[in-house]
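Here's a quick tour of the model shown below. Have it open while you read, and follow along from one heading to the next.

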Amino acid sequence: MRQMFLVLAIASSAAIAAPIAKPPKYNEKALRAGLEEKLKDADSAKIKDITYSPTNNPKIWNICGSVNAKNGYGAYSGFGRFYGLVAEIEKGKPMYSISSV
């Protein structure tokens with residue numbers, strides 16, 4: 001029993017001590033390019049509340065946030081959530097893939 005507790009304590013302390021990779025630096029231009037397929041007017045998009053969460057791959061992160069963009073009538077439709085992935089293929093150049101708006 002003591003040995004099992006010791007193994008669990010060492011394993012948990014190693015997991016805590018492991019460095020966590022930082023999410024890629026926010027790149028609004030690249031995010032707008034990722035949103036372009038999903039919005040009628042991506043240039044009009046107002047983006048806020050962006051959060052990142054890690055995946056199993058240290059170079060790929062989940063991203064979510066809120067976006068408000070013009071609809072087909074030219075009026076803003078109100079803030080809605082978006083979800084997707086961001087991968088840093090090259091240092092300082094993230095690529096966004098938005099799956100849901």
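## Helix 2 and what it packs on

Helix 2 has A30, L31, R32, G34 and L35 as its buried residues. They pack against four elements: strand 1, strand 2, strand 3 and strand 4. Bear in mind that this is a predicted model.

An α-helix has 3.6 residues a turn, so residues three or four places apart point the same way.

At the N-terminal end, helix 2 is capped by N27. A side-chain oxygen of N27 lies 3.2 Å from the backbone nitrogen of K29.

## The nonpolar core

Which residues have the most contacts inside the largest nonpolar core? They're L31, L35, L39, V67, F82, Y96 and I98, out of 14 residues that make up this core. Helix 2 (28–35), strand 1 (41–54), strand 2 (60–70), strand 3 (80–90) and strand 4 (93–100) each put in at least two residues. Strand 2 gives the most, with 4 residues.

Leaving out residues up to four places away in sequence, F82 touches L31 and L35, then I47 and I50, then the run I63, C64, G65, S66 and V67, and finally I98, S100 and V101.

## Rings and charges

How many aromatic pairs turn up in a search of the whole structure? The count is 0.

The charged end of K46 sits over the ring of Y76, 4.5 Å from the ring's centre. K48 does likewise with F79: its charged end sits over that ring, 4.2 Å from the centre.

D49 isn't a glycine, yet it has a positive phi of about 55°. You'll find D49 in strand 1. Is D49 buried, partly exposed or exposed? D49 counts as partly exposed because its relative accessibility is 46%.

On average the chain has a pLDDT of 81, and 80% of the residues score at least 70. Among the elements, strand 2 has the highest mean pLDDT, 93, while helix 1 (residues 2–17) has the lowest, 44.

So what about the start of the chain? Over residues 1–17 pLDDT stays under 50, and the model has 0 contacts beyond four places in sequence for this stretch.

Definitions and conventions:
Residues numbered from 1 in each chain as written. Heavy atoms only, no water. Core = buried A, V, L, I, M, F, W, Y, C linked by side-chain atoms within 4.5 Å. Buried < 20%, exposed > 50% of the residue type's maximum accessible area, 1.4 Å probe, protein only. Contact = heavy atoms within 4.5 Å. pLDDT = per-residue confidence, 0-100. Phe/Tyr/Trp six-rings, centres within 6.5 Å; stacked < 30°, edge-to-face > 60°. Lys NZ or Arg CZ within 6 Å of the ring centre and 35° of its normal. Polar contact = N/O pair within 3.5 Å; in protein donor to acceptor, adjacent residues only side chain to side chain.
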